Amino acid sequence: MVLYTTPFPNSCLSALHAVSWALIFPCYWLADRLLASFIPTTYEKRQRADDPCYLQLLCTVLFTPVYLALLVASLPFAFLGFLLWSPLQSARRPYVYSRLEDKGPTGGAALLSEWKGTGPGKSFCFATANLCLLPDSLARFNNVFNTQARAKEIGQRIRNGASRPQIKIYIDSPTNTSISAASFSSLVSPQGSDGVPRAVPGSIKRTASVEYKGDGGRHPSDEAANGLASGDPAATDSGSLEDACIVRIGGDEGGRPPEAFDPPAGGQARNGAGRGQTPNHSQQDGDSGSLGSPSVSRESLVKARADGGSGEPGANSKLPYKASVVKKAAARRRRHPDEAFDHEVSAFFPANLDFLCLQEVFDKRAAAKLKDQLHGYFEYILYDVGVYGCHGCCSFKYLNSGLFFASRYPIMDVAYHCYPNGRFSDSLASKGALYLKVQVGSTPQDQRIVGYISCTHLHALPEDSAIRCEQLDLLQDWLADFQKSTSSSSTANPEELVAFDVICGDFNFDNCSSGEACSSSFRLATRPTASLRSLPPCTDDKLEQQHSLFTRYKDPCRLGPGEEKPWAIGTLLDKDGLYDEEVCTPDNLQKVLESEEGRREYLAFPTSKSPGGGQKGRKDLLKGNGRRIDYMLHAEEGLCPDWKAEVEEFSFITQLSGLTDHLPVAMRLMVSAGEEET
């Protein structure tokens, strides 16, 4: 299949589109600015409260007449541009494909040669996130602003998290020889405050230099910014890449943890912090997961003494040595007794992230900025997905689908379909489903090993359960057609082996809302002074929870319809609390979400369980762990015979705190071949 690298089939149509958009853009920008000035976020409201002479308010008063006059003057040009732009959309392609070729050892071509379908198996990591990259005036309804700057920062943070090394920690002890689960709470090299690599304490021995898989296309400055300095200069110069940094921690005969992790003599801990906890941490540039941040989760880091393990703190003892503490990592990466995989709330995107599916990347300028940032890690990207104007029976589309896809592996086939049944505000965007077929390896017999990924964003209005169920039906039907049309295999002569089949995206329904909670008696009991008519629309997602999609595809967080696993948490944040100090950084948000009280305070819950304005102050009414509306599903059937895909790790990610009102989620699948393949 030929992938489209331009939105139009020829340069003439592209030029006409550029002219039409040049006529429309001034009016679009002025209208966006004018509306945005009257929709303040809670962050701006607090600034006004702290400073009565708030500069932004003064600017609004002064520039509103100017914006209004310019807007009126630009309307005739925008009208002419719209008349030219609208018919051009019938010839527009449904996506734009971008590839930044990487011929290094982390490029797509090199990755294909890593797995031959034999051996112990291969893991693939997927992540999905709703970014709310709307025009600024519309994004403010979700309490976020400055779309262009957010797009750039989001791209930098994702790149930082994904390009970290995958760490494996071995415990040398007569009583414990296990290996900690890798990659989600990875180590970074020890560095001082000046960014210079420090020597590793004697109790921690590296058995391999720190090498970075998937850092192709990054400049040396990027490596320094991402905390990728190795303690071994030779390793840095060699340019060789390994899958992981292996840190071996020695223990004594009693199996105690290394001395470097013990508190100072006399039982005193700096600033009152116990073993495995970070002392008081002054916020510095690069913290909170932004570009240039070598920091990782505070709960999984420790400042170890770098002076050879002496009991007295010296000059080097104040230098932050960031390392995953085995005891803390075990506590954070919980494994439920009945669970076969690890799960956690992580301050970073997983290391060695392979596939990224994003929603609500509606703004085209923001999409271009995001693409430029992510190309530092992902070689293959699809953006500006969707249709505009009138198409068939659909209503006029002013926005694209908002879907965005990035991959480290080559993309073979792509298909996009627009949902035809959107209502009200959702009908203005071409929400739909994006289907992709990627190649992840080849067998010694030259059979391609492929995987299928579907990314979608369902109808948002809470009362329209029937519409979402129809869209789930279409999602499955379109996926079956896509797999059938792109498959070049037959049962007798298989040319391709399917390794995984994953569906992810923002489904806009949860698995905790119930019809009983939406009953009149419950709702009036929680708010006795209100009439039933005055209560907000009830969130009853029971119909979607029982959809047939969940019989074919497995949700790692779900026990059954309306029943979540105890460790699963909501992915929709309470908009009013996005800029609270307690959750304004990835580390802070991670800490908050690991406590039940914090989840009640800062996650969104079904409206029937939190009636009225805001959730704070009524924690006793909130049940469960919040609304999880961002999903990651995988198929257990329809794969290559004798192959199986099992979840290895699952995480809820806080690295985008303050930048979006959703929590990204990530899943690592382990694909293993059967006996015949091995």
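Analyst: This is a predicted model. Strand β18 (residues 644–653) pairs with β6 in the parallel sense, over 5 bridges.

User: Which residue is the bridge partner of S346 in β18?
Analyst: S346 has I653 as its bridge partner in β18.

User: What is the order of the strands in the sheet?
Analyst: The order is β1-β8-β9-β7-β2-β19-β18-β6. These 8 strands form an open sheet with mixed pairing.

User: Which strands stand at the edges?
Analyst: β1 (96–99) and β6 (342–346) do. Each has a single partner strand, so one side of each is left without a neighbour in the sheet.

User: And how are neighbouring strands turned against each other?
Analyst: By 15 degrees on average, with direction ignored.

User: Switching to β7. Is it mostly buried or exposed?
Analyst: Buried: strand β7 (residues 355–361) has 7 of its 7 residues buried.

User: What does it pair with?
Analyst: β7 pairs with strand β2 (residues 122–133) in the parallel sense over 6 bridges. It is also joined to strand β9 (residues 404–407) by 4 bridges, and that pair runs antiparallel.

User: Last one: which strands does helix α6 lie across?
Analyst: Helix α6 (residues 147–162) lies across β2 and β7. The helix runs at about 165 degrees to β2.

Definitions and conventions
Residues numbered from 1 in each chain as written. Predicted model: local features only at pLDDT ≥ 70, side-chain atom pairs only at ≥ 80, totals over all residues. Heavy atoms only, no water. Buried < 20%, exposed > 50% of the residue type's maximum accessible area, 1.4 Å probe, protein only. Helix = DSSP H or I, 4+ residues; strand = E, 2+ residues; numbered from the N terminus. Pairing = 2+ DSSP bridges. Axes fitted to C-alpha atoms, helices over the stretch in contact; angles between N-to-C directions. Contact = heavy atoms within 4.5 Å.
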